[in-house]
Amino acid sequence: MRSSKTSRRLVALALGTGLVSAALGTAVPASAQPTPATANARYVGGAEGAAGNKAFFDAVLKSVAKRQTANPSLASVTVYYNASQAPSFRSQISSAASIWNSSVSNVKLQSTTGGADFTYYEGNDSRGSYASTNGHGSGYIFLDYAQNRQYDSIRVTAHETGHVLGLPDHYSGPCSELMSGGGPGTSCTNRYPNTTERSRVNQLWANGLAKALAKVNKAA
């Protein structure tokens, strides 16, 4: 469950693969598929990952804020995701969304086939699964085949979805901590955020509409 890369790497990816941004729900063309997976998809952490996680969360929040600004009558914060580019993981993605929706109250995840705040993709990548941005204000989650065979697939998906809601990686944590990712090993099958993680997400999205609008206004 690798975290997102820095903007420099994202720009390089965009230039090298011809990644096209189309505001929300940006598609990654087949030619942009990541490198083939190795026998063991690995996890990467550190300061670079922490910065990348925050960039991804900020991109999603900015996307949500734009929609909220266009529809001021909306009373609650909903983050829309598009899973059409990850058909092999439709069930896991739906389960991950349900887990988060039953765990937190200040933000909800909802599937859409139209413009989304972030998109799921699938494929092979030696770095494993990860959350990232395309460098142009939209976010996406990549689900690696090999890693999802080695680890509990719903846990992997729920973990990566946790980045959408603002949680960083914490690989040294116990299995009871969702954001510990692959740290506890392949035997860990916990799919739910613990009390601290749930509280943190609710805190981040408390008065989410006001915070989202403030962020947009500040960036303007």
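1. Helix α5. In α5, the residues S153, I154, R155, V156, T157, A158, H159, E160, T161, G162, H163 and V164 are buried, where buried denotes under 20% relative accessible area, exposed over 50%, and partly exposed the range in between (1.4 Å probe, protein chains only). This helix is accordingly described as mostly covered, with 12 of its 12 residues buried. Helices (H or I, at least four residues) and strands (E, at least two) are DSSP runs, numbered from the N terminus. At 1.5 Å a residue, the 12 residues of α5 should span 16 Å, and the end C-alpha atoms are 17 Å apart, which agrees; the expected span is 1.5 Å times one less than the number of residues in the helix. G166, which follows α5, has a positive phi, near 105°.

2. Basis of the values. The model is predicted: local features need pLDDT of at least 70, side-chain atom pairs count only at pLDDT 80 or more, and totals for chains, interfaces and linings use all residues. Residues are numbered from 1 along each chain as its sequence is written, and side-chain values use heavy atoms, with hydrogens and water left out.

3. Overall architecture. The chain has 7 helices and 5 strands, arranged along the sequence in the pattern α-α-β-α-β-β-β-β-α-α-α-α. Of the 220 residues in the chain, 48% are buried. Taking contact to mean heavy atoms within 4.5 Å, 67% of the contacts between residues at least 6 apart in sequence join residues at least 24 apart.

4. Nonpolar core. A nonpolar core is a set of buried Ala, Val, Leu, Ile, Met, Phe, Trp, Tyr and Cys residues joined through side-chain atoms within 4.5 Å. The largest one here has 34 residues, and those with the most contacts inside it are V79, W100, F118, Y120 and W205. At least two residues of this core come from each of α2 (47–70), β1 (78–82), α3 (90–103), β3 (118–123), β5 (139–144), α5 (153–164) and α6 (195–204). The most is given by α2, with 5 residues. In soluble globular proteins, nonpolar side chains tend to be buried together.

5. W100 and its neighbours. Leaving aside residues up to four places away in sequence, W100 touches L109, A158, T161, G162, L165, L167, L178, P193 and V201. W100 is one of the buried residues of α3.

6. Helix α3. The 14 residues of α3 should span 20 Å at 1.5 Å a residue, and the end C-alpha atoms are 20 Å apart, which agrees. Its buried residues are Q92, I93, A96, A97, I99, W100 and S103. Viewed down the axis of α3, these buried residues fall within an arc of 160°, so they line one face of the helix; the arc is that of the directions from the helix axis to the C-beta atoms. On the other side of α3, S91 and S102 are exposed. The cover over the buried residues of α3 includes β1, β2 (108–111), β3, β5, α5 and α6.

7. S105 is found in the loop between α3 and β2 and, at 55% relative accessibility, counts as exposed. Its C-alpha atom is separated by 9.0 Å from that of A206, 101 residues apart along the chain.

8. Salt bridges. A salt bridge is a side-chain nitrogen of Lys or Arg within 4 Å of a carboxyl oxygen of Asp or Glu; a search of the whole structure finds 2. One joins R127 and D125 (2.5 Å, N to O). R127 is partly exposed at 28% relative accessibility, while D125 is buried at 0%. Another joins D152 and R191 (2.9 Å, N to O). D152 lies in the loop between α4 (145–150) and α5, and R191 in the loop between α5 and α6, so the pair ties together parts that are 39 residues apart in sequence. D152 is buried, with a relative accessible area of 14%, and R191 is partly exposed, with 31%.

9. Disulfide. The structure holds 1 disulfide, defined as a pair of cysteine sulfur atoms within 2.5 Å. C175 and C188 form it, their sulfur atoms 2.0 Å apart. With 90° about the S-S bond, the link of C175 and C188 is right-handed. Both C175 and C188 lie in the loop between α5 and α6, so the pair ties together parts that are 13 residues apart in sequence. C175 is partly exposed at 28% relative accessibility, whereas C188 is buried at 3%.
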